[in-house]
Amino acid sequence: MIQIEGINIAVEGCFHGKFDDIFAEIKEIEKKKQIKIDLLLVSGDVQTIRNKHDMYNMACPQKYLEMGSFYKYYTGEKVAPCLTIFIGGNHEASNYLRELHFGGWVCPNIYFLGSSNVIQIKKGQTTFKLGGNSGIFNNYDFNIPKLECFPFTQDQLHSVYHIKQFDLYKLSLYEGDINVFLSHDWPLQVEKHGDINDLIKRKKHFESDIIDGKFGSISHKYLLNKLQPNFWFAAHMHVKFEALVQHQSNKKTKFLALDKCLPGREFLQVFTYTKEGLDLYNQFAFNNDPIELFYDPEWLAIMKITFNLQQIWYKMPKLFECNYAQKDLKIIRYQKYQQLLQAKKEALIYFKKEPIKIPQNFQITATPYFKNDHTNKLILPNKVLLNNQMNDYLKLIKESEQELNGFLFYESQQQQNKEQKNQFHVINKIETQIKKEIVKQEILNQLEQQQKQQKKNDNMNIQDFPFLQ
Ligand code: 5GP
Ligand code: MN
């Protein structure tokens with residue numbers, strides 16, 4: 001047999017908390033093909049629920065609210081059989097993913113790519129760049145400030161997974177070659193580049209949107225044209241679909257959407273990415289080198305030059321013009337964009353010095369679900385102010401949490417009600433006083449006092465969550 005050098009990759013559609021089932025399928029493929037899968041890529045709706053609190057922080061019809069099997073991977077009772085990397089969809093433990101907004105390990109061996117990101121993956125001589133954009137597009141929330149705080153209100157529980165202009169802007173500053181890109185929703189009109197009739201035959205209810213040219217996300221259409229990756233993997237529509245997009249530049253993107261994990265459904269695709277950048281489907285790599293993740297210097301430079309913009313989230317001007325008639329989206333404030341591209345070049349000099357490995361810095365930060373707990377007792381959020389992984393990332397790019405504008409706070413419900421008149425109270429306070437530590441302590445004290453007073457909280461159940469009623 002010819003020895004191919006490369007990375008054996010499995011791609012999955014929607015996870016929907018089925019960690020045990022999907023990993024069992026991976027092991028089955030490994031046994032059948034006598035190979036080792038090096039990497040599993042997942043395009044959202046993963047549902048990394050650690051405990052009941054996370055479960056109630058997921059937007060989902062009540063009847064589908066299930067603990068799933070993630071908590072076993074969180075505690076270390078079980079371990080993913082291969083390195084797994086995912087982006088977020090529209091059904092996620094949004095509070096947990098918010099803690100790892102710029103990317104991080106949700107448990108050993110499972111990495112959340114973040115709200116938007118580009119990283120590098122290496123195994124032996126083979127290397128590729130992986131990009132991704134979590135969430136789905138929603139016209140109304142595209143330009144809103146990213147101020148979803150814990151606990152989420154009903155609106156925030158949904159707006160938190162809607163794609164924001166800021167993430168799209170960061171990705172649009174990326175000029176390097178991205179090999180693989182992950183999104184949950186499909187790029188608008190991508191179906192035109194595949195067997196559209198067959199798709200309609202299989203999914204009749206897509207027909208009117210397809211005819212109206214409204215099928216998929218306008219922001220992903222923009223990114224597909226802008227980044228022109230070699231591969232684009234998506235999910236959300238619960239159907240397998242392939243397309244080949246030919247760009248004006250003559251580059252091509254192979255698009256593949258996969259189904260969700262159900263018996264008899266096409267939810268997994270396995271292929272080998274070779275060191276020559278080819279994709280093979282019936283030959284697999286047998287080199288045993290370890291697979292490693294690295295930060296991408298260009299992305300770090302983009303993080304650096306855009307970081308202070310986060311301070312103006314709630315008054316940020318529109319960065320894109322959406323032309324819905326033309327089904328197109330374009331950058332406005334072009335001069336500012338050009339300036340940022342220039343600034344990126346300078347920042348790159350600093351980050352290009354040496355490849356930086358993504359650290360194995362996962363720590364348990366919340367009380368995991370205990371499977372013998374048959375009560376409906378809610379586990380209150382731990383006082384996670386800043387996840388240790390977020391802290392490490394900020395140190396890496398030499399930025400402080402100051403600019404995060406307080407969006408990582410667990411804000412007490414009572415305080416939120418009290419301050420409804422001025423919902424940016426905490427943020428303004430931080431901005432004007434620049435005494436975040438004091439504000440932080442204040443919130444903590446209040447939260448503590450409330451917890452002491454309100455014994456009721458210990459017995460919270462579904463009724464205590466306004467967004468589920
Ligand atoms: P989810 O699993 O995220 O709750 O729901 C995904 C489902 O929403 C898909 O299976 C698909 O049927 C439907 N859906 C999502 N986006 C569109 C769209 O743009 N048009 C149509 N017709 N259905 C959509
Ligand atoms: Mn979905």
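Predicted model: local features only at pLDDT ≥ 70, side-chain atom pairs only at ≥ 80, totals over all residues.

Visitor: How many residues of helix α6 are buried?

Guide: Helix α6 covers residues 165-172 and is mostly covered. Its buried residues are Gln165, Phe166, Asp167, Leu168, Tyr169, Lys170, Leu171 and Ser172. Out of eight residues in α6, the number buried is eight.

Visitor: Is leucine 329 buried or exposed?

Guide: Leucine 329 sits in strand β16, residues 328-331. Leaving aside neighbours within four places in sequence, leucine 329 is in contact with Leu168, Ile218, Ser219, Tyr222, Phe320, Glu321 and Cys322. Its relative accessible area is 6%, so leucine 329 counts as buried.

Visitor: Which residues have the most contacts inside the largest nonpolar core?

Guide: One residue to look at is leucine 130, which touches Leu41, Ile85, Leu113, Asn117, Val118, Ile119, Ile121, Val180 and Leu182, not counting residues up to four places away in sequence. The largest nonpolar core has 86 residues, and those with the most contacts inside it are Ile85, Leu130 and Trp186.

Visitor: How many residues does the second, separate core have?

Guide: Among the members of this second core are Leu65, Ala80, Cys82 and Ile110.

Visitor: Now to the ligand: how far is the polar side-chain atom of aspartate 209 from a nitrogen atom of ligand 1?

Guide: Asp209 belongs to the surroundings of ligand 1, along with residues including His16, Asp45, Asn90 and His238. Histidine 205 also places a polar side-chain atom 3.2 Å from an oxygen atom of the ligand. A polar backbone atom of methionine 237 is 3.4 Å from an oxygen atom of ligand 1. For aspartate 209 and the ligand nitrogen, the distance is 2.6 Å.

Visitor: And how much of the accessible area of ligand 1 does the protein cover?

Guide: On its own, ligand 1 has 520 Å² of accessible area. The shell around the ligand divides into three nonpolar, six polar and two charged residues. The part of the ligand's area that the protein covers is 71%.

Notes: Residues numbered from 1 in each chain as written. Chains lettered and ligands numbered in written order. Heavy atoms only, no water. Near = heavy atom within 4 Å. Polar contact = N/O pair within 3.5 Å; in protein donor to acceptor, adjacent residues only side chain to side chain. Areas by Shrake-Rupley, 256 points an atom, 1.4 Å probe, with all protein chains shown as cover. Nonpolar A, V, L, I, M, F, W, Y, C, P; charged D, E, K, R; others polar. Buried < 20%, exposed > 50% of the residue type's maximum accessible area, 1.4 Å probe, protein only. Helix = DSSP H or I, 4+ residues; strand = E, 2+ residues; numbered from the N terminus. Core = buried A, V, L, I, M, F, W, Y, C linked by side-chain atoms within 4.5 Å. Contact = heavy atoms within 4.5 Å.
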